[in-house]
Amino acid sequence: MNAKVLVTGGGGYIGSHCVLELLEAGYNPVVIDNFHNAIRGDNKIPESLQRVQEIVGKKIEFEEVDMLDRNALETLFKKHSFSAVLHFAGLKAVGESVEKPLLYYKVNLTGTIQLLEVMNSYSVKNLVFSSSATVYGDPKYLPIDENHPVGGCTNPYGKTKYFIEEMIKDQCKAEKDWRAILLRYFNPIGAHVSGQIGEDPQGIPNNLMPYVSQVAVGRRECLNVFGNDYNTTDGTGVRDYIHIVDLAKGHIAALKKLESINGCKVYNLGTGTGYSVLEMVKAMEKASGKKIQYKIAQRRDGDIATCYADPALAKEELAWQAEYGLERMCEDLWRWQVQNPTGFSRE
């Protein structure tokens with residue numbers, strides 16, 4: 001195989017797990033990141049990727065590049081001959097996007113436009129894009145399949161994912177030799193079984209499970225549960241949680257699928273099962289053996305009641321499905337948290 005694959009934002013949570021799976025599958029990833037969501041390790045590469053190197057026993061090619069730096073992207077494409085691009089780079093906090101919409105549009109949209117332009121210039125026309133179930137907005141029906149209407153996004157972060165999807169679709173229509181797969185993630189959680197790499201949010205976690213695990217490990221006092229008056233079994237929000245390793249393997253399946261498609265395809269990566277916030281808290285209490293303190297807070301802007309996937313198309317066309325259940329997700333998350341109570345930083 002040995003094909004060179006560019007991975008943008010490869011030092012982050014999802015990116016680093018995908019780099020590991022790429023190496024395991026025999027690909028040759030070249031990783032770029034600007035350290036917005038990654039901790040610096042030794043040798044100028046992210047700590048996450050340094051640990052990936054240790055796990056797989058292979059060296060990773062890494063360059064510090066910001067997607068907004070057009071010259072740096074040009075230099076990168078001159079230097080390497082890429083067979084495909086996995087595009088993860090971007091800002092990703094829902095709440096922050098509501099507070100700073102222009103920043104999200106600038107970074108996510110401008111960065112992606114420049115990437116697509118440079119790819120086109122250098123005839124690299126195979127792309128897997130890290131999208132999100134937020135493009136579906138408030139579900140019209142459940143489970144959500146790929147035919148569900150998109151674009152009714154409830155926050156600027158989701159809108160950036162939707163706009164990028166539309167740009168990629170239009171590019172594939174305009175130039176028939178482009179091949180792209182848009183992967184709509186549901187909620188990735190957990191960590192690699194080694195406990196060496198996992199989710200390391202900078203500052204206060206925006207996502208539920210890193211916050212829950214930080215409460216369990218004693219790093220935070222109490223979890224705020226945003227709303228208990230939704231129309232769900234226990235009043236708290238219901239989501240489809242997927243193990244990060246399952247998600248990463250979905251990218252390998254998508255990369256292989258690129259060889260046999262024309263134009264643009266869309267796949268959900270989820271389990272098809274929804275769990276409420278309080279069910280997740282209980283599952284983490286079981287995995288950690290710790291009591292997790294929580295209090296009910298007001299609903300957050302942009303949150304919806306229930307969202308879970310119909311992942312049947314990915315099973316049928318990518319020969320992929322999630323293998324790990326909730327118990328395993330929480331066990332692996334807890335192992336990572338205990339081994340790394342302050343994340344990748346050495347504080």
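Q: Which residues in helix 2 are buried?
A: Keep in mind this is a predicted model. In helix 2, the buried ones are Glu47, Ser48, Leu49, Gln50, Arg51, Val52, Gln53 and Val56. That makes eight of the ten residues in this helix, which runs over 47-56, so call it mostly covered.

Q: OK, and what covers them?
A: The cover includes helix 1 (13-24), strand 2 (28-33), strand 3 (61-64) and helix 11 (326-339).

Q: What does Val52 touch, leaving aside its neighbours within four places in sequence?
A: Val52 is in contact with Ser16, Val19, Leu20, Leu23, Ile60 and Ile197.

Q: And what comes after helix 2?
A: Gly57 follows, and its phi is positive, near 70 degrees.

Q: Switching to the core. How many residues are in the largest nonpolar one, and which have the most contacts inside it?
A: The largest nonpolar core has 68 residues, and Val52 turns up again: along with Met209 and Leu255, it has the most contacts inside that core. Helix 8 (residues 244-258) gives the most to this core, nine residues. Apart from it lies another core of 26 residues, including Val65, Ala72, Phe129 and Ile168.

Q: How many cavities of 30 Å³ or more are there?
A: One. The largest cavity has a volume of about 30 Å³.

Q: What lines it?
A: Glu199, Asp200, Pro201, Gln214, Arg219, Trp336, Gln337, Asn340 and Gly343. By type, the lining divides into two nonpolar, four polar and three charged residues.

Q: Salt bridges next. How many in the whole structure?
A: A search finds 18. One of them joins Asp332 and Arg335, at 2.7 Å from N to O. Both lie in helix 11, three residues apart, about one turn of the helix.

Q: Are Asp332 and Arg335 buried or partly exposed?
A: Asp332 is buried, because its relative accessible area is 0%. Arg335 has 28%, so it counts as partly exposed. There's also a network elsewhere on the list: salt bridges that share partners join Arg70, Glu74 and Glu117.

Q: What about Glu285 and Lys291, how far apart are N and O there?
A: Their side chains meet in a salt bridge at 3.6 Å, N to O. Glu285 is buried at 18% relative accessible area, since the cut-off is under 20%. Lys291 is at 63%, so it counts as exposed.

Q: Last one: which residue does Lys100 pair with?
A: Lys100 forms a salt bridge with Glu96, the closest N and O atoms being 3.8 Å apart. Lys100 is partly exposed at 40% relative accessibility, and Glu96 is partly exposed at 25%.

Key
Residues numbered from 1 in each chain as written. Predicted model: local features only at pLDDT ≥ 70, side-chain atom pairs only at ≥ 80, totals over all residues. Heavy atoms only, no water. Core = buried A, V, L, I, M, F, W, Y, C linked by side-chain atoms within 4.5 Å. Buried < 20%, exposed > 50% of the residue type's maximum accessible area, 1.4 Å probe, protein only. Helix = DSSP H or I, 4+ residues; strand = E, 2+ residues; numbered from the N terminus. Contact = heavy atoms within 4.5 Å. 1 Å grid on protein atoms, 1.4 Å probe; cavity = no way out; pocket = protein on both sides within 12 Å on 5 of 7 lines; lining within 4 Å. Points joined across faces, edges and corners; volume = space filled by probe spheres on them. Nonpolar A, V, L, I, M, F, W, Y, C, P; charged D, E, K, R; others polar. Salt bridge = Lys/Arg side-chain N within 4 Å of Asp/Glu carboxyl O.
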